[in-house]
Every structure is written in structure tokens, then in C-alpha cells.
Amino acid sequence: MERTLSYRGLILDFAGVLTTPIGHSSRAWCTGEGLPADTWRSTLEDDPVGRALYVELELGRMSQSDWNRETAAIMGVAPENLMGRAHAEVRAVPSMVALAQQARSAGIIVALLSNSYGFDPYNPYAETGVWDLFDVRVISGEEGIAKPDPGIYQRTLDRMDLAAADCVFVDDHPANLVPAETLGITAVFADGPATAGRVARMLDLDPVQRP
């Protein structure tokens with residue numbers, strides 16, 4: 001007998017949810033470049049010029065190659081594949097991959113909702129092997145809007161052809177959860193290795209083992 005699902009859609013963030021934390025890789029890269037370990041984060045988040053460049057990249061108004069060149073100049077490093085070098089140690093989280101696969105096998109629509117950082121020369125989704133896990137992909141750089149803009153959540157629901165109440169959304173930034181909750185999506189904060197198991201229980205799936 002076909003079971004009745006309490007949720008019909010699963011929306012997953014990319015970095016820090018489907019992948020290992022970006023900070024682990026970027027700090028290792030900074031150290032290898034002879035920079036203070038926090039240089040990557042501080043350039044992208046605290047430096048006004050660096051932050052503005054990253055927003056342009058997220059919104060698809062700047063190519064990754066141009067971003068590499070201009071951000072490398074701020075950091076004082078070589079620009080070639082800057083994003084790829086800093087993300088070299090980022091890997092997919094096996095338990096989250098298993099969650100996405102189990103959800104699709106159970107008939108749940110699985111969507112990727114990601115604030116992007118370009119595709120060329122470094123494609124994060126291809127490099128981590130997660131691109132084919134999804135029925136729907138909504139990438140900020142292709143949409144011209146980014147989380148936490150409510151519009152990108154609504155576009156995701158529209159492309160899934162589901163109501164907000166039918167979906168669970170997982171993200172590792174609390175600010176990104178607020179718009180989802182406002183729309184009526186069940187929001188889950190990704191706070192560690194137990195996240196996949198918690199979400200699997202919510203979706204009435206088989207237990208997902210920690211990596």
C-alpha cells in the first residue's frame with residue numbers, strides 16, 4: 001500500500017549543508033598561502049569592497065573569473081582559479097547525499113536552493129558530485145536574487161509545484177531560515193552531523209547514518 005507522506009518536498013542549501021564547512025577548507029588554504037587563517041572570511045564578509053564583490057558574484061552580475069581577479073588583488077594572491085583553490089578541501093557530506101537520494105526514491109521532490117559563486121572555472125556542484133541529486137535547482141546567480149530575498153524561495157516552490165506547507169527547507173544560516181518560515185515552509189537549522197537523521201525522521205524515511 002502506498003504510504004501517505006506528511007511532506008512532499010525537500011529543499012536543501014548547498015555549502016555547509018550538503019558539503020563540509022567552507023571555512024575548514026578556506027582556513028587551510030589561507031595558511032598554505034601564508035595568510036592569516038581568517039583572511040578568506042574577513043575579505044568576503046568584513047571588507048566593504050570584498051563584500052560588495054561577493055554580492056555581485058552571488059547575483060550573477062560578475063563572472064567567477066572576474067571575481068577571482070579582483071578579490072585576489074585584495075588578498076595579495078594569484079588570481080588563477082582562486083575560488084577553486086580555496087574550496088579544494090570541500091566535500092559532499094555522505095549522510096546528506098543519502099538523505100536526498102532516499103527522499104527522491106520515496107517520491108519526495110528534492111530541490112537545491114543555493115546562493116552561488118559561479119560555475120567557471122570552478123563548478124562547486126560538479127566538483128562535489130551533488131548536481132544530479134535534484135529534481136529542481138534554483139541558483140542565485142541564474143536568478144538575479146539571492147537568499148534571504150523571499151522571492152527566491154517562492155520561485156523554488158513554484159518550480160517544485162508545491163505549497164509551502166508541503167516542504168522542508170534545510171540551511172546552515174539562521175537568517176536564511178526566516179523567509180522560509182514566513183512563507184510557511186518548515187525550516188530546519190543544519191547544526192552538525194545529526195541533521196540528516198533529524199530530517200529523515202521528519203520525512204518518514206529510513207534512518208540516515210552519520211558520515
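These legends accompany a set of close-up views of a predicted model.

**View 1. The whole protein chain, before we zoom in.**
In this predicted model, the protein chain is built from 11 helices and five strands. Its radius of gyration is 17 Å, close to the 17 Å that the globule rule gives for 211 residues, so the chain is as compact as a globular protein of that length. Along the principal axes, the C-alpha trace spans about 60 × 35 × 25 Å. Buried residues account for 48% of the 211 residues. Looking at contacts between residues at least 6 apart in sequence, 65% join residues at least 24 apart. The accessible surface comes to about 9,700 Å², and 50% of that belongs to carbon and sulfur atoms. As for charge, there are 17 positive and 29 negative side chains, with the centres of the two sets 3 Å apart.

**View 2. The largest nonpolar core and Trp67.**
Here we step into the largest nonpolar core, which has 51 residues. Which of them touch the most other members? They are L10, W40, W67 and L99. Helix α6, residues 94-105, gives the most to this core, with five residues. Apart from this core lies another one, of 17 residues, and I11, V138, L157 and A180 are among them.

L59 sits in the loop between α3 (48-58) and α4 (64-75). Is L59 buried or exposed? With a relative accessible area of 16%, L59 is buried, because the cut-off for buried is under 20%. Beyond residues up to four places away in sequence, L59 touches S140, G141, G144, I145 and A146. For a sense of scale, L59 and G32 are 27 residues apart in sequence, and their C-alpha atoms are 29 Å apart in space.

**View 3. Ser114 in strand β2.**
S114 belongs to strand β2. At 1% relative accessible area, S114 is buried. What does S114 touch, once residues up to four places away in sequence are set aside? Its partners are D13, F14, Y125, V138, I139, S140 and K147.

F119 is found in the loop between β2 and α7, and P121 is in the loop between β2 (109-114) and α7 (124-128). F119 is partly exposed, with a relative accessible area of 28%. Its contacts, leaving aside neighbours within four places in sequence, are Q64, Y125, W131, I139 and E142. F119 and M75 are 44 residues apart along the chain, and 21 Å separates their C-alpha atoms. Do look at the backbone here too: the peptide bond from D120 to P121 is cis, with omega near 10°.

P148 lies in the loop between α8 (140-143) and α9 (150-160).

**View 4. Asn81, with a positive phi.**
N81 is found in the loop between α4 and α5 (82-86). Although N81 is not a glycine, it has a positive phi of about 45°. At 31% relative accessibility, N81 counts as partly exposed.

Which residues of α11 are buried? They are T195, A196, G197, V199 and A200. These buried residues pack against β1 (9-12), α6, β4 (167-171) and β5 (186-189). D204 lies in the segment after α11 (195-202). Just after the helix, D204 takes a positive phi of about 60°, in a residue other than glycine. D204 is partly exposed, with a relative accessible area of 46%.

Technical notes. Residues are numbered from 1 along each chain as its sequence is written. This is a predicted model: local features need pLDDT of at least 70, side-chain atom pairs count only at pLDDT 80 or more; totals for chains, interfaces and linings use all residues. Side-chain values use heavy atoms; hydrogens and water are left out. Helices (H or I, at least four residues) and strands (E, at least two) are DSSP runs, numbered from the N terminus. Buried means under 20% relative accessible area, exposed over 50%, partly exposed in between (1.4 Å probe, protein chains only). Contact means heavy atoms within 4.5 Å. A nonpolar core is a set of buried Ala, Val, Leu, Ile, Met, Phe, Trp, Tyr and Cys residues joined through side-chain atoms within 4.5 Å. The radius of gyration is taken over C-alpha atoms; the globule rule is 2.2 Å times the number of residues to the power 0.38. Accessible areas come from the Shrake-Rupley method with a 1.4 Å probe; for residues, only the protein chains shown count as cover. Lys and Arg count as positive and Asp and Glu as negative; His and the chain ends are not counted. The place of a charge is taken as NZ of Lys, CZ of Arg, CG of Asp or CD of Glu.
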